[in-house]
Amino acid sequence: MKELNLNFIKERRLKLGKTMKEMAESLGYENASTYLKYESGVYSIKAEHLPKLAKSLDCEINDFFMKNVAEIAII
């Protein structure tokens, strides 16, 4: 099972200049504090949120997952 790269999600959001409030709204949450709990790993990001998250961050869903060392060595 692949692990989500929460650092990528945060860095991508910051690079695009999106606020936590904007991200919360794009995922259907009412406030930024709920989104913060997902981005910081307090809550697990749900699979059904990945397409919306990818759209908001202008990236592919696969970008959210860490590559394991074996995959990196092959490339």
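What pattern does the protein follow, read along the sequence? The pattern is α-α-α-α-α, with 5 helices and 0 strands in the protein. Helices here are DSSP runs of H or I with at least four residues, strands are runs of E with at least two, and both are numbered from the N terminus. The model is a predicted one, in which local features need pLDDT of at least 70 and side-chain atom pairs count only at pLDDT 80 or more, while totals for chains, interfaces and linings use all residues. Residues are numbered from 1 along each chain as its sequence is written, and side-chain values use heavy atoms, with hydrogens and water left out.

Now for the overall picture. Of the 75 residues, 27% count as buried, where buried means under 20% relative accessible area, exposed means over 50% and partly exposed lies in between (1.4 Å probe, protein chains only). Take the contacts, meaning heavy atoms within 4.5 Å, between residues at least 6 apart in sequence: 56% of them join residues at least 24 apart.

In general, an α-helix has 3.6 residues a turn, so residues three or four places apart point the same way. After α3 comes Gly41, with a positive phi near 90 degrees.

How do α1 and α3 cross? Their axes come within 9 Å and cross at roughly 135 degrees, which makes α1 oblique to α3. Axes are lines fitted to C-alpha atoms, for helices over the stretch in contact, with angles from 0 to 180 degrees between N-to-C directions. Angles under 35 degrees count as roughly parallel, over 145 as roughly antiparallel, 65 to 115 as roughly perpendicular and the rest as oblique. On the α1 side, Leu6, Ile9, Lys10 and Arg13 meet Tyr35, Tyr38 and Glu39 of α3.

Tyr35 turns up again in the largest nonpolar core, which has 15 residues; those with the most contacts inside it are Ile9, Tyr29, Tyr35, Ile45, Leu53, Leu57 and Phe64. Such a core is a set of buried Ala, Val, Leu, Ile, Met, Phe, Trp, Tyr and Cys residues joined through side-chain atoms within 4.5 Å. The largest share of this core, 3 residues, comes from α4. Neighbours within four places in sequence aside, Tyr35 is in contact with Ile9, Arg13, Met20, Met23, Ala24, Leu27, Tyr29 and Leu53.

Ile45 belongs to the loop between α3 and α4, and counts as buried because its relative accessibility is 19%.

The loop between α4 and α5 (69-74) holds Glu60, which is exposed, with a relative accessible area of 57%. Asp58 lies in the loop between α4 and α5 too, and at 60% relative accessibility Asp58 counts as exposed. The phi of Asp58 is positive, near 50 degrees, in a residue other than glycine.
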